[in-house]
Amino acid sequence: MRTSYAWYVVFVLLIAQMFSFLDRMIMGLLVGPIRQTFEISDTQFSLLAGLAFSLFYAAMGLPLARIADHGNRRNLIAVGIAVWSFMTAMCGLAKGYWSLFAARVGVGVGEATLGPAAYSMITDYFPKQVLARALSIYMVGVTLGSGLAYMLGGAVVSYVDHMEQLAVPILGDLEGWQLTFFIVGLPGLLVSLLVAATVREPERAGASISDAYIPLGDVVRYILERKRAYGGHILGVSIFIMIVYALNLWGPTYFIRTFEYSRPEAGWVFGLIMILAGTAGLLLAGAVADRLMSRGIQDAYPKVILFSMIGMTPCAVALGFMNNDIVAIVFMCLAIFFSAFQGGISGGTLQLMTPNRMRGQVMALYLL
């Protein structure tokens, strides 16, 4: 298959990943309006933004990944994009806390299709020598999607915040924050069509007809026989990711509450940090990991991830002691820069460790 087409597929999956995080992270700018509408606490909001999404994202990831390992990954991704985009728009119809919670669950179920299938497809499209760069470029969708969620979302929220309730035909009266979900969610349906129409399912490298279906028990045994390798990597990165997601979700609110930024100001500042510092971290990590791999360093990916953990930790801790917004922006840039290193290669490590027909399931276990 032509290299140019393989990179085109990465670009399309990048767009899908971008919309995934755009829909996922828009909640970070809607803390105030949603709390005010439903009269809920920070903890209840965190359950909406975190648990409602992640619990079902993780739980549905396992059966969906099994479909990815034995079926058509392209079709699974296309359907998943349509589901999460539709459910994001449905968040805008929520009339109460639990209806919004249910819609967020739907977003998580839809987005559970992308990670395992996309990682598996890209690993089949590229040789090891450039795989880290391909996966890191795909994960640029995370920084672009998150950044755009905050930048565009901040502008949209600022605009709709000053509007009275909108009387929309059929839908009834909508508040400004509800309209935001429609604006960011519905365009994803076009991305679903783009994937279905232009992306081809690649041949599974290293997979034969005899292993076209691997029983779940064999997958479990394979992982348990290598539990120290899988467990150490997944547990370590999971602890790291807790800090990464805390930075991503609460970053704008940090600037709003600590330095009295307006929501649009916080959105633009943190959005630019995500796009510039986050993208730089992803691309540098991919290039360094590929360079080390080409020199025969087989554990190149974990080494780069360890370096990012060491670099990010003091920067994240320092944010709790800032009293100057410019200095805080510098440390936030450094924290996001180092946090992004793991973006593509943490999942890439598992792809290199795992047989083809198990990759999606192992990736889903990692996401869980």
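This is a predicted model: local features need pLDDT of at least 70, side-chain atom pairs count only at pLDDT 80 or more; totals for chains, interfaces and linings use all residues.
**Ground rules**

I number residues from 1 along each chain as its sequence is written, and side-chain values use heavy atoms, with hydrogens and water left out.

**Entry 1: salt bridges**

I looked for salt bridges, taken as a side-chain nitrogen of Lys or Arg within 4 Å of a carboxyl oxygen of Asp or Glu. The count is nine.

I began with Arg257 and Asp42, whose side chains form a salt bridge at 3.0 Å, N to O. Arg257 is in helix α11 (residues 227–259) and Asp42 in helix α3 (residues 42–70), so this pair links distant parts of the chain, 215 residues apart. I take helices (H or I, at least four residues) and strands (E, at least two) as DSSP runs, numbered from the N terminus. For burial I call a residue buried under 20% relative accessible area, exposed over 50% and partly exposed in between, with a 1.4 Å probe and protein chains only. Both partners are partly exposed: Arg257 has a relative accessible area of 46%, and Asp42 has 27%.

I then looked up Arg73, which forms a salt bridge with Glu201, with the closest N and O atoms 2.7 Å apart. Arg73 lies in helix α4 (residues 73–91) and Glu201 in the loop between α9 (188–198) and α10 (216–225), so the pair ties together parts that are 128 residues apart in sequence. Arg73 is buried at 0% relative accessibility, whereas Glu201 is partly exposed at 24%.

The next pair was Arg359 and Asp124, a salt bridge with its closest N and O atoms 3.3 Å apart. Arg359 sits in helix α16 (residues 359–367) and Asp124 in helix α6 (residues 114–125), so parts that are 235 residues apart in sequence are tied together. I find Arg359 buried, at 12% relative accessible area, and Asp124 buried, at 12% relative accessibility.

Which residues are linked with Arg73 in a network of salt bridges? I find Asp124, Glu201 and Arg359 in that network.

**Entry 2: a nonpolar patch**

I searched for patches among residues with over 30% relative accessible area and no salt bridge, joining like charges within 9 Å and nonpolar side chains (Val, Leu, Ile, Met, Phe, Trp, Tyr) within 5 Å. Leu47, Leu51, Leu55, Phe56 and Met60 form a nonpolar patch on the surface, with about 390 Å² of accessible area together. Areas are by the Shrake-Rupley method with a 1.4 Å probe, and for residues only the protein chains shown count as cover. Phe56 lies in helix α3 and is partly exposed at 33% relative accessibility.

**Entry 3: cysteines**

How many disulfides does the structure hold? I find zero, with a disulfide taken as a pair of cysteine sulfur atoms within 2.5 Å. The closest cysteine sulfur to that of Cys315 is in Cys333, 10 Å away, which is too far for a bond. Cys315 is buried at 8% relative accessible area, and Cys91 is buried at 0%.

**Entry 4: positive phi**

I noted Glu39, which has a positive phi of about 55 degrees although it is not a glycine. Glu39 is in the loop between α2 (31–38) and α3 and is exposed at 72% relative accessibility.

Glu260, also not a glycine, has a positive phi of about 60 degrees. I place Glu260 in the loop between α11 and α12 (263–294), and it is exposed at 72% relative accessibility.

**Entry 5: aromatic rings**

I paired rings of Phe, Tyr and Trp (its six-membered ring) if their centres lie within 6.5 Å; planes under 30 degrees apart count as stacked, over 60 as edge-to-face and the rest as tilted. The whole structure gives 18 aromatic pairs. Phe337 and Phe341 have ring centres 5.2 Å apart and planes at 75 degrees, so they are edge-to-face. Phe338 and Phe341 make a tilted pair, at 5.8 Å centre to centre and 45 degrees between the planes. Phe341 is buried at 4% relative accessibility, and Phe338 is buried at 15%.

I also recorded one aromatic cluster formed by Tyr254, Phe255, Phe259 and Tyr261.

**Entry 6: charges over rings**

I counted a charge as over a ring if NZ of Lys or CZ of Arg is within 6 Å of the ring centre and within 35 degrees of the ring normal. The charged end of Arg200 sits over the ring of Tyr5, 3.9 Å from its centre. Arg226 has its charged end over the ring of Tyr222, 3.7 Å from the ring centre.
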